[in-house]
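Visitor: I am new to this structure and would like a short tour. Could you show it to me?

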Amino acid sequence: MKIALLCGGVSPERDISLASGKNVAQALRSKDYEVYVIDPAYGVNQPSEDNLFTFSIKSEAPKSVNRNPLSQRAYIETVNNVIPDDVSAVFIALHGTWGEDGKIQALLDYRGLPYTGSGVLGSALAMDKLISKRIFTGCGILTPPWITVYKNYDLEVIKNEIDRQFGYPAVVKPINQGSTVGMAIIQKENQLDEALTVALRFSDTIIIEMYVPGKEITVSVLGNEPLPIIEIRPKHGYYDYRSKYTAGMTDYIVPAPLDEVLSNNIQDIAIKAFRVLGCQGFGRMDFRLNNADEAYCLEANTIPGLTNTSLVPKAARAVGIEFEDLCDRIVRYAIEK
Ligand SMILES: Nc1ncnc2c1ncn2[C@@H]1O[C@H](COP(=O)(O)OP(=O)(O)O)[C@@H](O)[C@H]1O
Ligand SMILES: [Mg+2]
């Protein structure tokens, strides 16, 4: 079977996407798929695979969005002219804007090509942390209380709102980024203005969330079924860009040491959250578990990292699904859909 594998792209998570793409290409080839590796940012001028896969993941998150209208425009050309007619499916290994948010999915729908993971709507809803939280709340899924902030905010009004609702620490995040890009956990009121300014470089709308102390856990989903929960223990600070992508900075415990009833409960919540957003195929739901064992859903990831050491592959391995089989299954769900 022939597969077009999309990776790279123009989002701040480009390098992570290339790492995912490199691993997925290897895995699919070992399963006898013929793989065309394609970077949608290049349109008809595709680099060689060797050139594409010379990248390095920086140890710090990007500080702003690199807006290049030419390269995102190249996605249209890529879908229209670069992906060959004879592929059985498109494997989307793009993270963040333009790849994980439903937009490339829409272009592929126009082409009539099956693709991995969630469709247009599920991708778009999951990418928007604010809309996701509104849906979670409406469906009885616990999510940290939050305040929505728009451009031209009144700092005094927001400060009062934070004091009234949850105080500090508080978490400031852009609504449409992954990998903690543009995010900050602030300890004091005097850090608020700066955190908002940074976050607003990434999205026009920001959320400020109640900080949930306790454990960090994530539930991977494969074909509508939950995989074992992973507990994430960053060695320093919180699970930010550095902890995520620097080897040895974080301990991962799988299955998470939680009692069985609690763990089943959280898996049920994760599946419910995945479904209410309309997600499909595979994904990963992030949670914080407070000291009373209440699981707060933070967000859904519809194209989580797919390197050998990423979270979904770790969870799959815990039930005997090796990375090659995981990629193979993801492709099969796409074709069945
Ligand atoms: N409300 C919160 N309370 C405590 N920690 C949080 C909260 N929101 C986010 N974090 C920390 O920040 C990380 C990234 O937040 P998340 O909402 O998952 O966005 P993304 O992974 O897309 O950047 C989480 O994994 C967690 O470590
Ligand atoms: Mg997350």
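**A tour of the sheets and the ligand**

Guide: Four strands form an open sheet in the order β4-β7-β5-β6, and their pairing is antiparallel. Strands are DSSP runs of E with at least two residues, helices are runs of H or I with at least four, and both are numbered from the N terminus. Two strands pair if DSSP finds at least two bridges between them. This is a predicted model, in which local features need pLDDT of at least 70, side-chain atom pairs count only at pLDDT 80 or more, and totals for chains, interfaces and linings use all residues. Residues are numbered from 1 along each chain as its sequence is written, chains are lettered from A and ligands numbered from 1 in the order in which they are written, and side-chain values use heavy atoms, with hydrogens and water left out.

Visitor: Which strands are at the edges of that sheet?

Guide: The edge strands are β4 (146-150) and β6 (184-186), each of which pairs on one side only. From one strand to the next, the twist averages 25°. Axes here are lines fitted to C-alpha atoms, for helices over the stretch in contact, and angles run from 0 to 180 degrees between N-to-C directions.

Visitor: How many bridges join β5 to β6?

Guide: Three bridges join these antiparallel strands, β5 and β6. A170 has I186 of β6 as its bridge partner.

Visitor: What kind of peptide bond joins Y168 and P169?

Guide: The bond between Y168 and P169 is cis, with omega about -5°. P169 belongs to the loop between α7 (155-165) and β5. The loop between β11 (250-253) and α10 (260-276) holds P255. In general, most peptide bonds are trans, and most residues other than glycine have a negative phi.

Visitor: And what about phi at D32?

Guide: D32 is not a glycine, yet its phi is positive, about 70°. D32 is placed in the loop between α1 (14-30) and β2 (34-38).

Visitor: What order do the strands take in the sheet of three?

Guide: That open sheet has the order β2-β1-β3, with parallel pairing. Because β2 and β3 (89-92) stand at the edges with a single partner strand each, one side of each has no neighbour in the sheet. Five bridges join β1 (residues 2-6) to β2. One pair of bridge partners is L6 and I38, the latter in β2.

Visitor: Let us turn to ligand 1. Which residues come nearest to ligand 1?

Guide: Of the 21 residues around ligand 1, the nearest are K129, K173, T180, E216 and E299. A residue is near a molecule if one of its heavy atoms lies within 4 Å of it.

Visitor: What polar side-chain atoms lie by the oxygen and nitrogen atoms of ligand 1?

Guide: A polar side-chain atom of K173 is 2.6 Å from an oxygen atom of ligand 1, and one of E209 is 2.9 Å from a nitrogen atom of ligand 1. In the side chain of K129, an N or O atom lies 2.7 Å from an oxygen atom of ligand 1. The protein buries 99% of the 540 Å² that ligand 1 exposes when taken alone. Such accessible areas come from the Shrake-Rupley method with a 1.4 Å probe.

Visitor: Which elements give two or more residues to the shell around ligand 1?

Guide: These are β5 (170-174), β7 (205-210), β12 (282-289) and β13 (295-301).

Note on methods:
A polar contact is a pair of N or O atoms within 3.5 Å; within protein, one must be able to donate a hydrogen and the other to accept it, and residues adjacent in sequence count only if both atoms are side-chain atoms.
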